[in-house]
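Please read the following report alongside the sequence and the model shown here.

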Amino acid sequence: MSKTFTLDGKTIPFADGQTIIQAAMDAGSYIPHLCHHPEFKPHGSCKLCTVTVNGRQTASCTMQAAEGMVVESETEELNAERRALTQMLFVEGNHFCPSCEKSGDCQLQATAYHLDMMSPHYDHFFPNRPLDASHPDYLLDFNRCILCSLCVRASRDVDGKSVFALAGRGIKSHLIVNAKSGKLGDTDFSAMDKAANVCPVGVILPKRRGFAVPIGERTFDKQSIAEYVDTRLTQGED
Amino acid sequence: MNNKEVITHSLYLDPILERYAYCATNLMQILREAQENFGWLHPDAIDYLIEKLSVPRTKIEGVASFYSFFYLEPRGKYRVLFSDNITDRMLGNKVLMERMCSNLWVELGKTSEDGLVSVDFSSCTGMCDQGPALLVNNIAITNLNEQRVDNICELIREQVPLAEWPAEYFQVVDNIRRKDMLLSEGFVSGKALEAALQRGPQGMLAEVKVSGLRGRGGAGFSTGMKWESCRNAPGEAHYVVCNADEGEPGTFKDRVLLNSYADKVFEGMTLCAYVIGAKKGMLYLRGEYRYLLDQLNAVLEQRRQQNLLGNNILGQAGFDFDIEIHLGAGAYICGEESALIESLEGKRGTPRNRPPFPVTHGYLNQPTVVNNVETFAATCHIAQQGGGWYAGIGTAKSSGTKIMSISGDCARPGIYEYPFGVSVRQMLEDCGAANTQAVQVSGPSGVTVSAAEFDRVLAFEDIGTAGAFMVFDDSRDMFEVARNFVHFFAHESCGFCTPCRVGTSLLRNLMDKMHYGHGSPYDFDEIEKLNQILLSMSHCGLGHTACNPVLDTIAKFRPAYESRMLHQEFSPAFDLDWALHEARQMTGRDDIGAHLHILKDKA
């Protein structure tokens, strides 16, 4: 690998075809992100990974790295805008961290901490999103969905099942499952699916496993999201 | 599901599936025709489609729920959608809608209990010069007034089939007020193609480049460069796509071109096919123009008879090209070229990540030219009279003519074709506008031009435009104009990216908050911040431009905002009285006693 670009002044090597965020992560540099996952096709929807490339803003998860690019990520302006995006995600859904099983393991929460988000700032939308507890082993709490579509990609592209999909448009966009009844229990979803372990927030939850790890000893209690490597897919649910 | 139900749906689905070759790429058209047969997309019908198209249910429901005109739940036998552009508002559409709702005992957005009728609003249907307008079962009705609304209610109550409704209700006139080259008479089918064949594909491309023609959809990209990049791009097949998803509120010039100059548009597409080596072309027609479908297909058939489409066009061996029409289903975002291609492929209309661009990776990932209706029409003149001649018209950086859709407060709304460089003032004079306060050029995503700027001209180097020109006289409240546009963006955001999905709704809520008298100067800063995030973080142009009308009107019509500021220093986020509105709705009360304070909500 002889080709390089710079990220906040640091030299980052890359292979042809790699996106900026892929090369950065390989080099141990963190760019905030939520819809990106190294195992799945780039999506580019959360926009948290937006960086400045040669003066122009673009999502680093969909932009291919090129020789000599000057990329800026850790700027005050970009982090302020990322913070605002995180706030938007918080008010769009219903996120009650103190009572959430994923608190401490949640990437949205950890990203918000990383970006120094002190309040939701905007007025809450309080959408009405009923739970789906129809599956014997898994529960879907749509209140926390951030529409990153990682479960959609995992189920469609890796599991070959298309259990999940996005439906609706605009602020009415929402996650649906592949059943006439609209219930997870009527799909072929299983705990062995990649899609079962990919949710960055607390939508797809195993049943009968509440607070197995105490608050204070959870993933992001021990490390910042900037140091986090997602191993859930290779190890199964942590 | 029992057999009887399967049979019911298979009866109408089988011929549709047959016609679309059981191919999921045609999902949009299959769903549209299915719905035209049954009124909505029944879950059993979806079962049948899953089996026959070998796609998961999530795919069909994901696509169907994206488009405003597809219904996954039963709607009325008569589905009425009032066009809700600001021009319809100014012509009193809201009162007419309320009249219809109370007349038919139906609530806005709901279906009547007997399942007979549903009434709702829809984004601009492109009839601004003859509004207020509505769609009934996706067919346009124009020139609404109280009498017409009452008559429509009667026809619905009597369950008269649409085909037996008075023909004048469905009449859509061209209203051409000023003609230049594109709208001139005397175009002879095939003449432009003959001229191009004489020049050869390279020669024709050279003429387009010399002409300086730039895309008429608003972005103004060089047509010659686009064609050349596509021609040079390697691929298994090349495609020509005509963007007739004319969704920018206030624009209706493509409606007129397709109604009366379709031959010229199709010939332009064929010229492009000749240059880039395409065998297949598609015209993406917005769902609101469903009424044009049959006559457009007739024009295509005629061109096949004339050997202007099909194999060995005009005797040129190997020059094979044909065009099919693809209907949209109520999604403004599909006017964005990559979203349009997604929709053509039977998917949700989400703009793609770019690069790569459609010229190299477009329809089915193959090199594709996507041009506006007017752009294709213009290439016919370039083929016949040459690029140099064309470049001499208009201004140095904006060659040729532009067709403008003029509506709003003027005596003669309609279609005006001007060479580029015409001033706003001239256009206002021509259309008979008086006491004009502002003009919105190029729709909500365009620019609000105030009286001080009326000497500015239409040209890419000054006011670029896709063709909308909405006139507001001094009786209009420019805040309400901006609020209408903001509601439009929030409704039409595709929801893919966070900033636009949430940001457009936050902006809508801020404007509503001001409308209800709870704004404060703090909100100006909030709007400014939202604009910055939408500009820098959004996935596509919809998000980038969503704040434009608000920023423009704040800058140029600030008193319209300030008059709404009841609070000068603080920002009340919570309105106790408004918090009780659900309780009021549930108890059916709206009297003074059901309100907490004197200021009754203005909803």
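B:Leu596 lies in the segment that follows helix H24 (581-587) of chain B, where helices (H or I, at least four residues) and strands (E, at least two) are DSSP runs numbered from the N terminus. This is a predicted model, in which local features need pLDDT of at least 70 and side-chain atom pairs count only at pLDDT 80 or more, while totals for chains, interfaces and linings use all residues. Residues are numbered from 1 along each chain as its sequence is written, and chains are lettered from A and ligands numbered from 1 in the order in which they are written.

Is B:Leu596 buried or exposed? B:Leu596 is exposed, because 11 other C-beta atoms lie within 10 Å; a residue counts as buried if 20 or more other C-beta atoms lie within 10 Å of its own, as exposed if 12 or fewer do, and as partly exposed in between, with C-beta atoms placed from the backbone. Leaving aside neighbours within four places in sequence, B:Leu596 is in contact with B:Leu576, B:Asp577 and B:Leu580, contact meaning that the C-beta atoms of two residues, placed from the backbone, lie within 7 Å. B:Leu580 is 16 residues away from B:Leu596 in sequence, and their C-alpha atoms are 8.6 Å apart in space.

Elsewhere in chain B, the axes of helix H11 (residues 262-276) and helix H14 (residues 373-385) come within 7 Å and cross at roughly 75°; such axes are lines fitted to C-alpha atoms, for helices over the stretch in contact, and angles run from 0 to 180 degrees between N-to-C directions. H11(B) and H14(B) are therefore roughly perpendicular to each other, since angles of 65 to 115 degrees count as roughly perpendicular, those under 35 as roughly parallel, those over 145 as roughly antiparallel and the rest as oblique. Among the residues that make this contact are B:Met269 and B:Leu271 of H11(B) and B:Phe376 and B:Ala377 of H14(B). By class, the contact of H11(B) with H14(B) has 9 nonpolar, 2 polar and 2 charged residues, where Ala, Val, Leu, Ile, Met, Phe, Trp, Tyr, Cys and Pro count as nonpolar, Asp, Glu, Lys and Arg as charged, and the others, Gly among them, as polar.

The two chains can be set side by side.

Along its principal axes, the C-alpha trace of chain B spans about 80 × 70 × 45 Å, whereas the C-alpha atoms of chain A fill a box of roughly 50 × 40 × 40 Å. In chain B, residues 24 or more positions apart account for 72% of the contacts with a separation of 6 or more, and in chain A they account for 65% of such contacts.

Where the chains meet, the contact takes 31 residues from chain B and 29 residues from chain A. Several helices of chain B, including H3 (43-53) and H17 (478-492), each supply at least two residues of the side that touches chain A, and H18(B) gives the most to that side, with 8 residues. By class, the side of chain B that touches chain A has 13 nonpolar, 13 polar and 5 charged residues.
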